[in-house]
Amino acid sequence: LQQRHDRVRKCLVRERKAAVDLAGALQPRAKLVRNAQVSFLSRAKQLEEDVAGQGEVEEKLRRLNRAVLARQARLSQELLRLYPVDWREGDGAMSIRGLRLPNSYDFTGHDEEEIATALGAVAHVVVLLGRWHRVPLKYNLVPMG
């Protein structure tokens, strides 16, 4: 019985030593896990704050978009005042700033300088509207004087 008791005791001492060694080996890992947990919790809190503030940012963005749309509308209305466009029902011709622009299929008998001036005004309107409304033009319009 004494021998068995000594063997169990030696085994118990070995197991305790192994447990102490294992605990010592796990200490650095435990410290890393604690640091990671603290970092995770602080980032989770920051994320919650960011999500809470996102509503304010979205509202500000909506206000800015409304302001941009209102500005685009005002600029477009001013442009129509500067370049009034009229349509004549009889022959389907249009005029811009009082300059007659006949149907594109028949320019014969019309003043070329007036047509060129009217087309220049149309090009200017198209360029300005495209720029103000952020619509890229497929072809660049280059004024030739």
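This is a predicted model: local features need pLDDT of at least 70, side-chain atom pairs count only at pLDDT 80 or more; totals for chains, interfaces and linings use all residues.
How many helices and strands does the secondary structure of the protein come to? It comes to two helices and three strands, where helices are DSSP runs of H or I with at least four residues and strands are runs of E with at least two, numbered from the N terminus. Residues are numbered from 1 along each chain as its sequence is written, and side-chain values use heavy atoms, with hydrogens and water left out.

Read from the N terminus, the elements follow the order α-β-β-β-α.

Now to the overall dimensions. The radius of gyration of the protein is 40 Å, whereas a compact globule of 145 residues would have one near 15 Å; the value is taken over C-alpha atoms, and the globule rule is 2.2 Å times the number of residues to the power 0.38. Along the principal axes, the C-alpha trace spans about 130 × 30 × 30 Å.

As for burial, 10% of the 145 residues are buried, meaning under 20% relative accessible area with a 1.4 Å probe and protein chains only.

Ser-95 counts as buried because its relative accessibility is 13%. Leaving aside neighbours within four places in sequence, Ser-95 is in contact with Pro-84, Val-85, Asp-86, Arg-100 and Leu-101, contact being heavy atoms within 4.5 Å.

Terms used. Buried means under 20% relative accessible area, exposed over 50%, partly exposed in between (1.4 Å probe, protein chains only).
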